[in-house]
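The following exercises are to be worked with the sequence and the model side by side.

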Amino acid sequence: MGKPTGFMEFERALPTRRAAEVRVKDWFEIYEEFPQASVQQQGARCMECGVPFCHTGCPVNNHIPDWNDFVYHGRWEEAVRRLHSTNNFPEFTGRICPAPCEASCVLGINQPPVTIKQIEKTIVERGWEEGWILPEPALEKSGKKVAVIGSGPAGLAAAQQLCRAGHDVTVYEKADRIGGLLRYGIPNFKLEKHVIDRRLKQMEAEGVKFVTNAHVGVNVDVAQLRKDFDAIVLAGGSEGPRDLKVPGRELKGIHFAMEFLPQQTKRVLGDTVPAESTILATGKKVVIIGGGDTGADCLGTSLRQGAASVRQFEIMPKPPETRSERTPWPLWPLQLRIESSHEEGGTREWSLNTVHFEGDADGNVARLHAVQVGLPPKFEPIPGTETVIEADLVLLAMGFTGPIRGGMLEQLGVALDGRGNVATDEHSMTSEKGIFAAGDMRRGQSLVVWAIAEGRTTAGYVNAFLGTAKGVGA
Ligand SMILES: Cc1cc2nc3c(=O)[nH]c(=O)nc-3n(C[C@H](O)[C@H](O)[C@H](O)COP(=O)(O)OP(=O)(O)OC[C@H]3O[C@@H](n4cnc5c(N)ncnc54)[C@H](O)[C@@H]3O)c2cc1C
Ligand code: SF4
């Protein structure tokens with residue numbers, strides 16, 4: 001424990017966000033620099049608990065008290081090494097993880113928790129600046145070949161672990177760039193894309209091969225993959241969007257969030273989006289249906305595009321402002337979350353259900369009919385609360401129903417579980433021998449940190465399956 005009295009002396013501190021009116025004019029990340037001296041002081045707040053509950057909250061089992069202590073003592077290089085011993089990509093989680101570790105930090109019982117996520121980000125960025133994060137190619141090759149399908153955090157973590165264990169790894173990605181939802185879901189203002197590219201360079205130098213525009217089951221033959229590889233890891237995410245099947249859904253101007261968000265990232269990356277498929281919020285009255293993170297990302301993106309107005313609707317009731325009694329420490333707290341996008345503009349409305357859409361003479365959405373509803377699970381409409389809202393762009397951000405069925409999954413013949421995700425045994429193997437699954441494709445819509453955790457664990461099982469002597473990550 002660096003400073004036994006640290007948690008009594010220092011208040012929790014975080015970097016400030018750039019002023020909302022400034023940051024909505026650009027696509028850069030929203031945080032100001034946070035001096036390393038301040039981070040060291042924050043590290044001193046860690047009590048190095050005998051039973052560190054932060055571990056139980058962290059899906060990758062980060063050794064949090066260890067690196068808090070290293071940081072406090074200025075032992076940055078050791079902190080970088082310890083951080084990478086459990087997490088391949090702390091620069092992603094240090095930016096966009098909702099930090100379940102902080103929700104379960106013991107200090108959180110009666111004080112604001114240790115600022116674990118910011119410490120993580122500072123350590124890894126120091127590592128990159130100092131040149132301490134280098135390729136770690138395998139010393140020996142196994143002669144075995146593994147195909148990873150999907151290049152989100154699960155696929156990338158699995159690929160890096162397996163490559164370091166000596167296997168020849170090829171990642172197939174149907175999109176034109178590598179990264180999965182890190183690239184095309186999470187907007188630039190939360191995660192600038194050069195952060196992904198920097199890590200991909202390391203992986204390429206270690207020997208991972210990336211193939212883009214390679215849609216397995218469409219332009220990459222599944223039977224050929226089975227012949228060419230000794231094992232396959234399915235990490236194709238949970239891409240099936242939840243639809244709103246109400247009258248008027250077919251009108252022009254109603255889109256899924258994941259039709260809208262990737263286009264903006266492409267523009268930021270210098271691509272031109274074809275006019276016929278362009279979806280832009282500029283000058284529009286935008287309604288976002290879905291009150292979660294994806295909805296908040298649509299909000300921040302719409303504001304940056306210059307929407308005339310943005311309203312975000314949620315069918316669930318407004319959560320309490322502070323931790324609900326139903327979710328005491330160390331559980332993940334049910335409480336109102338104010339994302340950075342919410343500070344930037346727009347309005348949020350709860351307990352509102354969309355009943356139907358109304359269009360203009362040209363078939364464009366013009367209005368949305370909604371009604372206030374009661375509590376779940378019935379969501380009964382409250383008579384007299386019907387309302388009509390003007391909208392010329394509606395973004396559906398109501399979550400995902402699971403992986404795309406048919407195509408690759410059907411051709412491989414892997415069994416699905418009751419929720420429509422890819423079913424696996426306790427070693428992440430699907431119903432087909434030698435075919436494994438990880439991340440959202442296996443567990444359903446989740447978090448980046450869970451995808452990394454699953455990629456690592458699955459790599460361990462694949463490695464064992466391939467029968468090499470060396471163990472990886474699991
Ligand atoms: C808009 C949005 C914002 C989010 N924000 C956050 C956040 O801030 N923090 C957080 O922790 N989580 C966030 N999430 C969730 C997080 O991004 C996912 O849980 C995580 O990316 C899942 O990782 P994955 O590797 O399993 O799948 P994905 O990241 O979905 O990657 C799957 C990849 O597989 C590819 N693929 C699919 N099928 C095939 C095929 N047949 N052939 C070839 N390639 C294929 C896809 O193109 C995709 O690139 C967000 C999700 C969304 C939608
Ligand atoms: S629970 Fe909090 S105070 Fe305790 S070791 Fe973990 S980070 Fe430090």
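**Exercise 1.** Determine what percentage of the residues in the protein is buried.

Solution. Step one is the criterion: buried means under 20% relative accessible area, exposed over 50%, and partly exposed in between, with a 1.4 Å probe and protein chains only. Step two applies it to this predicted model: of the 474 residues, 51% are buried.

The model is predicted, so local features need pLDDT of at least 70 and side-chain atom pairs pLDDT 80 or more, while totals for chains, interfaces and linings use all residues. Residues are numbered from 1 along each chain as its sequence is written, chains are lettered from A and ligands numbered from 1 in the order written, and side-chain values use heavy atoms, without hydrogens and water.

**Exercise 2.** State which residues are closest to ligand 2 and which helix gives the most to its shell.

Solution. First, a residue is near a molecule if one of its heavy atoms lies within 4 Å of it. Ligand 2 is surrounded by 14 residues, the closest being Cys46, Cys49, Cys54, Cys105 and Val106. Next, helices are DSSP runs of H or I with at least four residues, and strands are E runs of at least two, numbered from the N terminus. At least two shell residues come from each of α4 (53–57) and α5 (64–72); α5 gives the most, with 3 residues.
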